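Subject: Structure handover and notes

Dear colleague,

Please find below the structure that I promised to pass on, together with its sequence. My notes follow it, and I would be glad if you read them with the structure open beside you.

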Amino acid sequence: MIAITQYKGSILDDLLGGAMNSPDKAGLLRKQGNSRLRDWKTRYCAVKDGTFCYYESYEAYCIATPITSIYCGTLKAQISDRTRFKFEVIVPNRTYYFMAQSENEMLNWIESLTRQWQLHSLTSNQAVLLRRS
């Protein structure tokens, strides 16, 4: 019975988060709502392989059901309010506002998102150049 339990555990670990399994960065952030109330809700966020996703909760991450997936090749992450640890994730048609628990955490998220942008915008540009030649 112990071997079966251990085996099931490893399968679940492999499936945890679906395509976002073993993200480059993950954790809780507060996200500003897009309603007129502009309320802040805690969201589980993860970034991996050029995709930034946020989820209603860690449990939603575990079953791979993101609220939104954002392609990192088109985003820009920048500080919005350093004193409140807010930062923006800007994409062509929208700006998302997030708040970290500390300045260090905010800077780590911005660095991670920027690194993904650099990797994936370079890949996109290389693909365009290859198509032209």
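A residue is called buried here when its relative accessible area is under 20%, exposed when it is over 50%, and partly exposed in between, with a 1.4 Å probe and protein chains only. By that rule, 34% of the 133 residues of the chain count as buried.

Please keep in mind that this is a predicted model, in which local features need pLDDT of at least 70 and side-chain atom pairs count only at pLDDT 80 or more, while totals for chains, interfaces and linings use all residues. Residues are numbered from 1 along each chain as its sequence is written, and side-chain values use heavy atoms, with hydrogens and water left out.

The overall layout comes first. The chain has three helices and seven strands, taken as DSSP runs (H or I of at least four residues for helices, E of at least two for strands) and numbered from the N terminus. Read from the N terminus, the order is α-β-β-β-α-β-β-β-β-α. If contact is taken to mean heavy atoms within 4.5 Å, then 45% of the contacts in the chain with a separation of 6 or more are between residues 24 or more positions apart. The exposed surface comes to about 8500 Å², and carbon and sulfur atoms supply 54% of it; accessible areas come from the Shrake-Rupley method with a 1.4 Å probe, and for residues only the protein chains shown count as cover.

Next, the interior. A nonpolar core is a set of buried Ala, Val, Leu, Ile, Met, Phe, Trp, Tyr and Cys residues joined through side-chain atoms within 4.5 Å. The largest such core has 19 residues, of which Phe52, Phe87, Val89, Phe98 and Leu113 touch the most other members. Two or more residues each are given to this core by β2 (40–48), β3 (51–55), β6 (86–91), β7 (94–99) and α3 (103–132), and α3 gives the most, with four residues. Leu113, leaving aside its neighbours within four places in sequence, is in contact with Val47, Phe52, Cys72, Leu75, Ala77, Phe87 and Val89.

With neighbours within four places in sequence left aside, Ile110 is in contact with Ala77, Gln78, Ile79 and Phe87. Ile110 and Ile79 are 31 residues apart in sequence, and their C-alpha atoms are 7.8 Å apart in space.

How many salt bridges does the structure hold? There are two, a salt bridge being a side-chain nitrogen of Lys or Arg within 4 Å of a carboxyl oxygen of Asp or Glu. In one of them, the side chains of Arg82 and Glu103 meet at 2.3 Å, N to O. Arg82 lies in the loop between β5 (76–81) and β6 and Glu103 in helix α3, so this pair ties together parts that are 21 residues apart in sequence. Arg82 is partly exposed at 41% relative accessibility, and Glu103 is partly exposed at 31%. Glu111 and Arg115 also form a salt bridge, at 3.3 Å, N to O; both lie in helix α3, four residues apart, about one turn of the helix.

With kind regards
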